[in-house]
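Morning, everyone. Please bring up the model, and we will walk through some helix pairs and then a pocket.

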Amino acid sequence: MKCSRIFTMAALVALGAAPLAFADVPAKVEMDNGQIYECKLRWMPASKKYAITRSAGAGGTAVEQQVSPSQIVRKQVAPPAGWRELIQQAGKSPAAALPRLLQLVDEYKMLDYDELAAMVIGQIYQKQGKHAEFIAVAEKVAQDNPAAVSASRMAPYYWASLIETGKTAGGKLEKMLDDAVATAPSDVAAKALVARGDLLKKAG
């Protein structure tokens, strides 16, 4: 079965109210053993594991299993309620959108939309010159997902904020940029090359 078909999930379109922090959210996951589940997915920060809740058996009994991130090959998480409208609001009225975006960074931790919400926050804060504030947001996302600061679409805003605030000592940023060039999606890797140039100019 092709990945596009595997991860087509009409139920992701219509959702109810936004979840509380670390609540179960609708998702579809492919496991490293080839199994595919339509389930509820929750991140458990204390154990650094996901909780997968799914129906099993003829009676549809809810079964929960805990898995490490490495056991999930691919996941598609339902967007937060009102996500499209929130993105539109962020473009028109950033101050009004920020509280919800910041909330999503916590609610959707390790569920993809923490990174996406942080990316939009990065766009807003960069325009406002709030680099230190964005560093705090990005590092919250990276607490359980260190790769987010090198491989996600949030990452370029984090690099720019580090450069602008001069928080690049110890080769930390250089390592992130090297990792991004090697492993990130092509658009993020290209921005890493630009960031390298910006870092050299800043060091100057």
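Start with helix α8, residues 172-183, and helix α9, residues 186-203: their axes come within 8 Å and cross at roughly 150 degrees. Axes here are lines fitted to C-alpha atoms, for helices over the stretch in contact, and angles run from 0 to 180 degrees between N-to-C directions. That crossing makes α8 roughly antiparallel to α9. The cut-offs: under 35 degrees is roughly parallel, over 145 roughly antiparallel, 65 to 115 roughly perpendicular, and the rest oblique. The crossing of α8 and α9 is left-handed, meaning the near helix is turned anticlockwise from the far one by less than a right angle.

Which residues make the contact? From α8 they are L173, E174, L177, D178, A180 and V181, and from α9 A189, A192, L193, A195, R196 and L199. Contact means heavy atoms within 4.5 Å. By class, this contact has nine nonpolar residues, no polar ones and three charged. Nonpolar covers Ala, Val, Leu, Ile, Met, Phe, Trp, Tyr, Cys and Pro; charged is Asp, Glu, Lys and Arg; the others, Gly among them, are polar.

A word on ground rules. This is a predicted model, where local features need pLDDT of at least 70 and side-chain atom pairs count only at pLDDT 80 or more, while totals for chains, interfaces and linings use all residues. Residues are numbered from 1 along each chain as its sequence is written, and side-chain values use heavy atoms, with hydrogens and water left out. Helices (H or I, at least four residues) and strands (E, at least two) are DSSP runs, numbered from the N terminus.

Next pair. The axes of α4 and helix α5, residues 131-142, come within 9 Å and cross at roughly 175 degrees. So α4 and α5 are roughly antiparallel. On the α4 side we have D114, E115, A118, I121, G122, Y125 and Q126; they meet H131, E133, F134, V137 and V141 in α5. That contact has six nonpolar, three polar and three charged residues.

Third pair. Helix α2, residues 83-92, packs on helix α3, residues 94-107, at about 135 degrees, axes 7 Å apart. These two are therefore oblique to each other. Their crossing is left-handed.

Now the largest pocket. Its volume is about 350 Å³. Of its 18 lining residues, K75, D112, E115, N145 and S152 are closest to the centre. Which element gives the most to the lining? α4, with four residues. The lining divides into 10 nonpolar, three polar and five charged residues.

Definitions, quickly. On a 1 Å grid over the protein atoms alone, a pocket is an open set of points where a 1.4 Å probe fits, with protein on both sides within 12 Å along at least five of seven lines; lining residues have an atom within 4 Å of a point. Points are joined across faces, edges and corners, and volume is the space filled by probe spheres set on them.
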